[in-house]
Amino acid sequence: MVDYSVWDHIEVSDDEDDTHPNIDTASLFRWRHQARMDRMEQFQKEREDLEKAQGECKRKLSEVQRKIKELEVSGTDDAKSELQKLQQEQQGLKKEEKSCDKKLEEHRKQEKKMPWNVDTLSKEGFSKSVFNVKPEDKEETEEEKEQKHKTFVEKYEKAIKHFGMLRRWDDSQKYLSDNPHLVCEETANYLVIMCIDLEVEEKHALMEQVAHQTIVMQFILELARSLKVDPRACFRQFFTKIKVGA
């Protein structure tokens, strides 16, 4: 059985929801995006504050422990009195340290549960790699699309089927890295056809496997459209992020 739970944490596009015709859709999307960015910024600030508090607590604890060691070698009454105070302070700092560690761990768990979107998927390590892709001068007709699909499938059918049967994220990423030409609409469309054929043949387990890979390809294509880049320029970042939540 294929586990689809990882997909629950992805929000690829802001413009998937229908809006009322009287609403300025472009402005609404900008407001949504700004609100999301503000939430992300606040969340990041909370983490920085927690890390700062944790670091300060550890620094104080280390200093107190250093003083305790120095006083333990002294046998004076003043040293014993000061030692008791420092030992009490040490206990308090250890409790504070545990509290800081717990809060930071909870914050990290919340971060992992946060839905991914274009901003988080492309935040770190994303590079708009340049591919020598000839821009299309005009929109293709249905006949041209059909012929393009047919030609592509005839040439790469075996490779597409192989991708459809891959189960591990690392294997899928490596295979697309070795065959970047497969990152396209034609591959996604053929995988859908494979799913239909397998379901008709009542090969349900295989159908679910190919459906999983179909979703992978469709998410990569949607991410590319949102970022306005060639799909081959962003699929590695997609796998990097999704493996973290797997």
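The legends below describe close-up views of a predicted model. Residues are numbered from 1 along each chain as its sequence is written, and side-chain values use heavy atoms, with hydrogens and water left out. Because the model is predicted, local features need pLDDT of at least 70 and side-chain atom pairs count only at pLDDT 80 or more, whereas totals for chains, interfaces and linings use all residues.

**View 1. The largest nonpolar core.** This core (buried Ala, Val, Leu, Ile, Met, Phe, Trp, Tyr and Cys residues joined through side-chain atoms within 4.5 Å; buried means under 20% relative accessible area with a 1.4 Å probe, protein chains only) has 35 residues, and those with the most contacts inside it are F163, L176, M217, I220 and F239. Two or more residues each come from α4 (142-164), α5 (169-178), α6 (185-200), α7 (204-227) and α8 (235-245), the helices being DSSP runs of H or I, at least four residues, numbered from the N terminus. The largest share, 10 residues, comes from α7.

**View 2. Surroundings of I220.** Not counting residues up to four places away in sequence, I220 touches L176, V183, P231, C234, F235, F238 and F239, where contact means heavy atoms within 4.5 Å.

**View 3. E186 in helix α6.** E186 is buried yet has no salt bridge, that is, a side-chain nitrogen of Lys or Arg within 4 Å of a carboxyl oxygen of Asp or Glu. The nearest side chain of opposite charge (Lys and Arg count as positive, Asp and Glu as negative; His and the chain ends are not counted) is K148, 4.0 Å away.

**View 4. E202 in the loop between α6 and α7.** Although E202 is not a glycine, its phi is positive, about 60 degrees. E202 counts as exposed at 61% relative accessibility, the cut-off being over 50%.
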